[in-house]
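Welcome! Here is a short briefing to read alongside the structure below.

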Amino acid sequence: MRVLGIETSCDETACAVVTDAADPARRIVSHSLFSQLREHAPYGGVVPEIASRAHIEHLDGLVAESLRTAGMKLGDLDAIAATAGPGLIGGVMVGLTTAKTLAYATNKPLIAVNHLEGHALSVRLSDDVPFPYLLLLVSGGHCQFLVVEAVGRYRRLGTTIDDAAGEAFDKTAKLLGLGYPGGPAIERLAKQGNATRFNLPLPLKGKPGCDFSFSGLKTAVRLALESCGANPSDQDKADLAASFQRTVMAVILDRAKNAIALFGESHGASGKHFVVAGGVAANAVLRAGLVDLSAQHGMTFTAPPMALCTDNGAMIAWAGLERFRLGMIDDLEAPARARWPLDAMAAAKPFAGAKA
Ligand code: KG4
Ligand code: ZN
């Protein structure tokens, strides 16, 4: 089975061909990615209009490149998958329309993939993690705990009530005068800083449930920076980066404890796998904390390789493949959606021929 996947929901234009080879190491046949980082960097964040135009400019070339490196023609594919949301609507429309056109022209099935499902299933592409598992999805746009029960069956346990964790990293980096994206820059700077110098608030820590809130933290970082005077030193900035990172990690670990308890209540002994995905999963401090926490609760911990944590085409192709082999295909009317909560998918109409 060979599936082409297209991802254009944010600032990466990406495309890949994956197969259902038994060996996970052989599943990604080819992948191509154009990162728009340089286009957006001068603005300190992603500019939707610039993103849409860059997707239009690069996507056709990337599709051709993916097929060429895979040594395939369009006719060799079994299905064509694309992100249909959630995301920046202009970009989603570019990718989905391209996929629809290819599907129509070649008479191949289309699979409209939820971007979050791409992140949620990527660990099955890389590591064959069995259902059910507890997923922490932490990226620039999302911060949530999901129970992944099966393909198309997700239950959200908690989510952010304001900013996503990656967004908090990006905003803090901007305040500290670091570049975009902020996460890697903060992680680097934090290594030189004193993580206990600033006592920042721990939003929702100790509260029941596993929701997040990060917007207050941004204000606290701004006030802490102002307390250093008009010209904060490099050491001030490093200390603040380290203190901020320590605080975010403490909050995530506190929320994760509650999520593990909720997962255990509903799944008992079968709830033994903890998975993290999304760009913030690149953070080594977070990974180390989650490895420890999982071990304390007798759970296995799995994170996809870095290239599969951040946005990419292979995770969309793989989610498409998992859906396709269960008979879950979409028609050419499938809408592009700016918002599309993953747990609402359970309520979607069952697809003809679906086995699960
Ligand atoms: O998954 P992703 O590539 O795109 C979205 O779907 O949002 O995640 C990007 C986010 C950015 O906010 C970036 O600052 C954050 O992931 N990020 C990190 C690190 N690397 C990327 N955050 C913390 N530490 C990192 N090392
Ligand atoms: Zn993403």
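Helices (H or I, at least four residues) and strands (E, at least two) are DSSP runs, numbered from the N terminus. With that in mind, Leu204 sits in the loop between helix 6 and helix 7 (215–226). Please note that this is a predicted model, where local features need pLDDT of at least 70 and side-chain atom pairs count only at pLDDT 80 or more, while totals for chains, interfaces and linings use all residues. Residues are numbered from 1 along each chain as its sequence is written, chains are lettered from A and ligands numbered from 1 in the order in which they are written, and side-chain values use heavy atoms, with hydrogens and water left out.

**The zinc site**

- His115 (NE2), His119 (NE2) and Asp311 (OD) coordinate the zinc ion (ligand 2) at 2.1 to 2.2 Å. Donors here are N, O and S atoms within 2.8 Å of the metal (3.2 Å for Na, K and Ca); water is not among the atoms, so sites may look incomplete.
- Along the chain, the donors of the zinc ion (ligand 2) are spaced as H-x3-H-x191-D.
- His115 and His119 are about one helical turn apart, because they are four residues from each other in helix 4 (residues 115–127).
- Both His115 and His119 are buried. Buried means under 20% relative accessible area, exposed over 50%, and partly exposed in between (1.4 Å probe, protein chains only).

- A nitrogen atom of ligand 1 lies 2.7 Å from an N or O atom in the side chain of Glu187. Taken alone, ligand 1 exposes 550 Å², and the protein buries 90% of that. Accessible areas come from the Shrake-Rupley method with a 1.4 Å probe; for residues, only the protein chains shown count as cover.

**Thr160 and its loop**

- Thr160 belongs to the loop between strand 8 (153–159) and helix 5. With a relative accessible area of 15%, Thr160 is buried.
- The side chain of Thr160 reaches the backbone oxygen of Asp163 at 2.5 Å.

**Backbone details in the loops**

- Gly85 and Pro86 are joined by a cis peptide bond, with omega about -10°; Pro86 is in the loop between strand 4 (79–85) and helix 3 (89–106).
- Another cis peptide bond runs from Phe131 to Pro132, with omega near -10°, and Pro132 is in the loop between helix 4 and strand 6 (133–138).
- Asn107 is a residue other than glycine with a positive phi, near 60°. Asn107 lies in the loop between helix 3 and strand 5 (110–114) and counts as exposed, at 71% relative accessibility.
- Leu204 has a positive phi near 70°, again in a residue other than glycine. Its relative accessible area of 24% makes Leu204 partly exposed.

Technical notes
Polar contact = N/O pair within 3.5 Å; in protein donor to acceptor, adjacent residues only side chain to side chain.
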